[in-house]
Amino acid sequence: MIKKMPNMKIRIEKINGNSAIKSFLNPEIAGHASNGKVTLSGWAYSAAGVVRDVVVKSNGTIFKTGINIFRQDVERHLQKMNFSNISQPLGYKFDFLFTAGMELGYEVNGTCEWIYRLHANDLVEFRQFDSITDLLDTAEGVCGNVYFHNADDWSKIIVMFNGALTPGKVAAEKAIFQRWSWAKHFKHPVAVIADPLTIDKNPIHLGWYLGATGRNALPEMVGPLLASIREKSPDSKIVAFGSSGGGFAAIGGTLLGLFDEAIAINPQVDVLKFEVRDAVDRFMKKRGGMPCDSDLKSYKFSRIKACGKIRYVQNRSDHHHFEIHYRPFRNLCLASDMVDKISFTEYDDEKAGHMPPHLPALTKIVGEPFSILLKKPTA
């Protein structure tokens with residue numbers, strides 16, 4: 001009998017921050033090992049010579065695989081950093097049998113530089129509850145597709161939404177709760193909601209919380225949670241948070257009058273114009289080609305609450321989202337009477353692109369509207 005290998009979360013450590021090799025190992029993709037395998041995806045460039053191979057050291061043995069994917073987005077990024085004449089493959093993506101402490105590096109001119117080390121973390125198993133009401137009375141746990149982390153200050157409740165899930169993440173757990181580990185940093189309770197379309201029998205990796213049939217399914221998805229919150233704490237303000245597809249849900253839910261505030265990072269505004277066409281195709285196949293409320297610009301802004309606020313945060317270096325999603329939505333809002341309810345914050349992070357900032361960076365970018373939600377640092 002072949003023993004099935006466990007699923008694991010993986011922590012990526014950068015062990016050589018002084019390397020002249022410019023590189024990126026995608027933590028969203030390499031952050032999980034499924035059935036013992038990890039998907040390594042990223043890019044590398046050196047001005048000193050062509051980076052021809054990715055090198056992996058596992059249990060004392062060294063393996064090599066070629067860099068063979070052309071990445072125009074990375075070329076543009078490097079050109080803005082004043083690197084020129086880039087005409088070689090920069091990207092790679094391959095599966096590898098995971099071993100704790102394995103290292104990844106790159107070979108240039110016959111010399112290997114080790115850049116990353118991968119560590120195994122066991123998957124966190126949360127206490128399961130049969131009802132949302134019971135879940136809200138506990139310190140931490142899960143009910144269905146809702147994760148909850150309690151806190152003392154119920155004046156606000158943070159509701160987070162997932163962006164795209166990678167194949168490894170979908171396979172690893174029944175429900176993935178992105179940024180659940182952030183919850184302990186907030187002074188308010190935090191709920192993270194997984195999109196049912198990403199965890200059903202035939203999961204897709206991004207569903208924008210729109211559902212498989214009919215109109216926007218978000219009201220139905222969050223209805224039981226919001227009703228239980230209202231019953232327990234009627235005066236709580238609901239703050240929705242998400243990036244990418246999760247940002248779409250945060251803004252959409254606020255425009256529908258479900259939430260009091262939204263903070264959205266690099267969201268899609270028009271789902272059907274998302275640059276990852278495979279994700280759009282899978283979503284529309286799931287819906288049988290039926291249309292849905294996929295464009296936030298067509299929503300009735302009049303449904304936003306009187307106290308409603310939307311904070312749209314966009315990386316200028318995320319070129320697709322800046323031009324195709326952010327600009328049209330911003331122009332529409334500025335031409336409407338919503339200027340006092342919808343604010344826009346732009347920032348620059350060439351390396352991250354569409355990837356959302358980590359918590360400390362996000363706090364600096366958004367400022368007080370975000371920092372006031374967090375616990376004060378202890379001395």
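Leaving aside neighbours within four places in sequence, Leu-362 is in contact (heavy atoms within 4.5 Å) with Trp-182, Phe-241, Ile-265, Pro-357, Gly-367 and Phe-370. Leu-362 lies in helix 9, residues 359-366; helices (H or I, at least four residues) and strands (E, at least two) are DSSP runs, numbered from the N terminus. At 0% relative accessibility, Leu-362 counts as buried, where buried means under 20% relative accessible area, exposed over 50%, and partly exposed in between, with a 1.4 Å probe and protein chains only. Between Leu-362 and Ile-12 the separation is 350 residues in sequence and 20 Å in space, C-alpha to C-alpha.

The model is predicted, so that local features need pLDDT of at least 70 and side-chain atom pairs count only at pLDDT 80 or more, while totals for chains, interfaces and linings use all residues. Residues are numbered from 1 along each chain as its sequence is written, and side-chain values use heavy atoms, with hydrogens and water left out.

The chain contains 10 helices and 17 strands. For 379 residues, a compact globule would have a radius of gyration near 21 Å, and the 22 Å of the chain agrees with this; the radius is taken over C-alpha atoms, and the globule rule is 2.2 Å times the number of residues to the power 0.38. Taken along the principal axes, the C-alpha atoms fill a box of roughly 65 × 55 × 55 Å. Of the 379 residues, 53% count as buried. Among contacts in the chain with a separation of 6 or more, 67% are accounted for by residues 24 or more positions apart.

The chain exposes about 18,100 Å², and carbon and sulfur atoms supply 51% of this area; accessible areas come from the Shrake-Rupley method with a 1.4 Å probe, and for residues only the protein chains shown count as cover. The mean positions of the 47 positive and 40 negative charges are 1 Å apart. In this count Lys and Arg are positive and Asp and Glu negative, while His and the chain ends are not counted; the place of a charge is taken as NZ of Lys, CZ of Arg, CG of Asp or CD of Glu.

Helix 6 (residues 245-255) is largely enclosed by the rest of the structure, because 11 of its 11 residues are buried. The buried residues include Phe-248, Ile-251 and Leu-255. The buried residues of helix 6 pack against strand 12 (156-161), helix 5 (218-232), strand 14 (237-243), strand 15 (261-265), strand 16 and helix 8. Gly-257, with a positive phi near 80°, follows helix 6.

Ser-317 counts as buried at 9% relative accessibility. Not counting residues up to four places away in sequence, Ser-317 touches Asp-348, Asp-349, Glu-350 and Gly-353.

Phe-126 lies in the loop between strand 9 (111-122) and helix 3 (132-135). With a relative accessible area of 14%, Phe-126 is buried. Its contacts, leaving aside neighbours within four places in sequence, are with Glu-140, Gly-141, Val-142, Tyr-147, Phe-177 and Trp-180. One of these residues, Glu-140, is 14 residues from Phe-126 in sequence and 7.4 Å from it in space, C-alpha to C-alpha.

Positive phi values in residues other than glycine include those of Asn-59, near 50°, and Arg-179, near 65°. Asn-59 lies in the loop between strand 5 (51-58) and strand 6 (61-66), and at 68% relative accessibility Asn-59 counts as exposed. Arg-179 is found in the loop between helix 4 (167-172) and strand 13 (190-193); with a relative accessible area of 16%, Arg-179 is buried.

A disulfide is a covalent bond between the sulfur atoms of two cysteines. Taking a disulfide as a pair of cysteine sulfur atoms within 2.5 Å, the count comes to zero. Cys-333 is in no disulfide, and the nearest cysteine sulfur, that of Cys-307, is 17 Å away. Cys-333 counts as buried at 1% relative accessibility, whereas Cys-112 is partly exposed, with a relative accessible area of 28%.
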